[in-house]
Amino acid sequence: MRARACALVVFALVLGACAAPRVKPDDALLARQSERERMLASQPEWQLAGRLGVSNAKDAGSGSLQWKQDGDAFRFSVHAPVTGKTWVLAGDARRVVLEGLRDRPVEGTDAAALLDRELGWQVPVAQLTQWVRAARAKGDAQIEFRNDGLPAVIRQDGWTIEYPDYDQTHLPALPRKIFASRGDSRVRLSISEWR
C-alpha cells in the first residue's frame, strides 16, 4: 500500500513537471488574446481531423473525428472503431440532425441536448466551436496563459478547458490537444490536422 502511495506521488510530480508554466493574465496578454480571437472570428470556415474521447460517470465512447465548420453551420462525423459505425451530427444555430445511430435521422434544436439524449454524452457543442480553437465563447470566462502567451486554460460555463499542446505552423497557432472537463464529464480531442 505504501509503495502504491509513493508511486502515485511520483506520478503526480512527473505530471506537474511536464505541465507548461502558467502565467496570470495581465492587460497585455488579454489584449493579445482578444486580437487572436478577432483573427479567428475572421476565419469562420475551418476543418479538423483527429480523435475524440468522451466519458462521464455512466458511459464512455471514442472514435475518429472529422469536423467541418462554416459560420454557424457544422458537420461533426465520428467513426467508432469498436462498433464500426459512423454517426454524423450536422446543423446550425436553429436545427440539428443526428444520423447513423437509428434507422432514421433524429432531429432537434440543440446539439448538446441531442447528444446527451441519444448517446448520454455531455458535449457543449456550441461553446466547443470556440474552445476548440483556444478562444473564449460568449459570456464570462477566466483564462490562464502559457509562457509563450497562448491560452493554457479557459474556465467557462462550469467547464475547465486545458491546452497542453499547439500546432504553431498556423497563424494564429491552433491546439493539438484539448482536455475539457466539468464534474464527471470529460471531452478529449487530439487533432492531427487543421485546414
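Modeller: Gln 69 has its place in strand β3, which covers residues 60-70, and everything said here refers to a predicted model.

Biologist: What makes Gln 69 count as buried?

Modeller: The relative accessibility of Gln 69 is 3%, and buried means under 20%, so Gln 69 falls in the buried class.

Biologist: Which side chain does the side chain of Gln 69 join in a polar contact, and how do you know that the contact qualifies?

Modeller: The partner is the side chain of Trp 67, at 2.9 Å, and the limit for such a pair of N or O atoms is within 3.5 Å. The side chain of Gln 69 also reaches the backbone oxygen of Gly 71, at 2.8 Å. Leaving aside residues up to four places away in sequence, Gln 69 touches Pro 44, Glu 45, Trp 46, Phe 74 and Thr 129.

Biologist: Why is the pair of Trp 67 and Phe 76 called edge-to-face?

Modeller: A search of the whole structure gives 6 aromatic pairs. For the rings of Trp 67 and Phe 76, the centres are 5.1 Å apart and the planes stand at 70°, so the pair is edge-to-face, given that centres must lie within 6.5 Å and that planes over 60 degrees apart receive this name. Both Trp 67 and Phe 76 are buried, and they belong to one aromatic cluster together with Trp 46, Trp 87, Trp 121 and Trp 194.

Biologist: Which residues touch the most other members of the largest nonpolar core?

Modeller: That core has 45 residues, and those touching the most other members are Leu 52, Trp 67, Phe 76, Trp 87, Leu 89 and Val 132. In soluble globular proteins, nonpolar side chains tend to be buried together.

Biologist: How do you know that the charged end of Arg 188 sits over the ring of Phe 179?

Modeller: The charged end of Arg 188 is 4.2 Å from the centre of that ring, whereas the distance limit is within 6 Å, with a further condition of lying within 35 degrees of the ring normal; the pair is listed as sitting over the ring.

Biologist: What makes Glu 118 and Arg 117 a salt bridge, and is each of them buried or exposed?

Modeller: The closest N and O atoms of Glu 118 and Arg 117 are 3.1 Å apart, and the cut-off is within 4 Å. Glu 118 is buried, with a relative accessible area of 18%, while Arg 117, with 51%, is exposed; the boundaries are under 20% for buried and over 50% for exposed. The count of salt bridges comes to 13.

Biologist: Why can the salt bridge of Arg 176 and Asp 165 be said to tie together parts of the chain?

Modeller: Arg 176 forms a salt bridge with Asp 165, with the closest N and O atoms 3.7 Å apart. Arg 176 lies in strand β11 (residues 174-182) and Asp 165 in strand β10 (residues 159-167), so the pair ties together parts that are 11 residues apart in sequence. Arg 176, at 34% relative accessibility, counts as partly exposed, and Asp 165 is partly exposed with a relative accessible area of 28%. Salt bridges that share partners also join Arg 22, Glu 144, Arg 155 and Glu 162 into one network.

Methods. Residues are numbered from 1 along each chain as its sequence is written. This is a predicted model: local features need pLDDT of at least 70, side-chain atom pairs count only at pLDDT 80 or more; totals for chains, interfaces and linings use all residues. Side-chain values use heavy atoms; hydrogens and water are left out. Rings of Phe, Tyr and Trp (its six-membered ring) pair if their centres lie within 6.5 Å; planes under 30 degrees apart count as stacked, over 60 as edge-to-face and the rest as tilted. Buried means under 20% relative accessible area, exposed over 50%, partly exposed in between (1.4 Å probe, protein chains only). Helices (H or I, at least four residues) and strands (E, at least two) are DSSP runs, numbered from the N terminus. A polar contact is a pair of N or O atoms within 3.5 Å; within protein, one must be able to donate a hydrogen and the other to accept it, and residues adjacent in sequence count only if both atoms are side-chain atoms. Contact means heavy atoms within 4.5 Å. A nonpolar core is a set of buried Ala, Val, Leu, Ile, Met, Phe, Trp, Tyr and Cys residues joined through side-chain atoms within 4.5 Å. A salt bridge is a side-chain nitrogen of Lys or Arg within 4 Å of a carboxyl oxygen of Asp or Glu.
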